[in-house]
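Hi,

Here's the structure I said I'd pass along. Have a look at it first, and then read on for my notes.

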Amino acid sequence: MDAFPLALDGYLAADPEPGDREGTASWRLTCSAGTDLLMEEAVIPCTTMEPDIAHAMLTERQPGDLLRVIGHLTLPDTADGVIRLHADTLEVLWEAPTLDADADVDGDDTDTATATDADRTSAIAALAEALTGFGQAAPGPGQSIRIHISPTGSLGSGEHCHSFDVSPAMAHRLADYVDAMNCYLDSERPDSVALDPETIADLAELFEDIDLIGLTNAVLNATRPEHRAAITQAMDDMFGDVPAPEETDP
């Protein structure tokens, strides 16, 4: 069989199993191409003869963990053979939360949880679709950045889990879009957002200390005589009645 070096990211599909010999283990890794189409996902069998990796897989890992397996992929000699990734190195990219299987849940809670899961699933699908364009863009110079999207509950087969590799430039664009979402005009400020009373008092005190006559004189004295009428009108529109140009110091 031919063997090729490979690094593969994927979710642990089921509990790992001990191998035929001590210090070995086998497991299945669910890998996604970045969309929610099942036909673009694959389950890759993995094995290891490294005792440390086997021990970690059998005692510490659980279904839903996001792993990076680095090793050699062997291809079968026949069409009905099985490919296998022989792991030399294992990295844990994300740990799935441990769920309490014995927790008592009544009917109402079950219905609420089902509706919540459906909303979460649709939100993940929408976000994955929106980010697919970022992942398909040319990587450009420099190392890429990997973004993982997945449910926080039991991941099962990983069909709702997605990974995207984006360039640093694309990551900056995405950050700009998020910043833009958090900005709004004063007229669009939510009703629930209120200024602190101390802040309001400080602002009121600041504007009360402004000497409009002194400000007007300073502006007009720095303005050419032929432009003073227009400046006076503009300041009058902003602050109310202001001194006429002839009333200021020459």
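Below is what turned up when I went through it, starting with the core.

One thing before the details: this is a predicted model, so please read everything here as computed from predicted coordinates.

The core first. The largest nonpolar core has 14 residues, and the members that touch the most others are L8, W27, L29, M57, V69 and L85. At least two residues of this core come from each of strand 1, strand 3 (25–32), strand 4 (41–48), helix 1 (51–59), strand 5 and strand 6 (84–94). There is also another core lying apart from it, with 5 residues, including A128, L131, I149 and F164.

Once you leave out its neighbours within four places in sequence, L8 is in contact with L29, C31, I44, L67, R68, V69 and L85.

Strand 1 covers residues 2–12, and Y11 is in it too. Is Y11 buried or exposed? Its relative accessible area is 5%, which is under the 20% cut-off, so Y11 counts as buried. Y11 and V43 are 32 residues apart along the chain, and their C-alpha atoms are separated by 9.3 Å.

Next, strand 5, which runs over residues 66–75 and contains T74. T74 has a relative accessible area of 11%; that is under 20%, so T74 is buried as well. What does the side chain of T74 pair with? There is a polar contact of 3.5 Å between the side chains of T74 and H86.

Last, the surface. L203, L206, F207, I210, L212 and L215 make a nonpolar patch of about 530 Å². Helix 4 (197–208) and helix 5 (212–221) each give at least two residues to the patch, and the largest share, 3 residues, is from helix 4. L203 is in helix 4, and at 39% relative accessibility L203 counts as partly exposed, because that value lies between 20% and 50%.

That's the lot from my side.

Cheers

Definitions and conventions:
Residues are numbered from 1 along each chain as its sequence is written. This is a predicted model: local features need pLDDT of at least 70, side-chain atom pairs count only at pLDDT 80 or more; totals for chains, interfaces and linings use all residues. Side-chain values use heavy atoms; hydrogens and water are left out. Helices (H or I, at least four residues) and strands (E, at least two) are DSSP runs, numbered from the N terminus. Buried means under 20% relative accessible area, exposed over 50%, partly exposed in between (1.4 Å probe, protein chains only). A polar contact is a pair of N or O atoms within 3.5 Å; within protein, one must be able to donate a hydrogen and the other to accept it, and residues adjacent in sequence count only if both atoms are side-chain atoms. Patches are made of residues with over 30% relative accessible area and no salt bridge: like charges are joined within 9 Å, nonpolar side chains (Val, Leu, Ile, Met, Phe, Trp, Tyr) within 5 Å. Accessible areas come from the Shrake-Rupley method with a 1.4 Å probe; for residues, only the protein chains shown count as cover. A salt bridge is a side-chain nitrogen of Lys or Arg within 4 Å of a carboxyl oxygen of Asp or Glu. A nonpolar core is a set of buried Ala, Val, Leu, Ile, Met, Phe, Trp, Tyr and Cys residues joined through side-chain atoms within 4.5 Å. Contact means heavy atoms within 4.5 Å.
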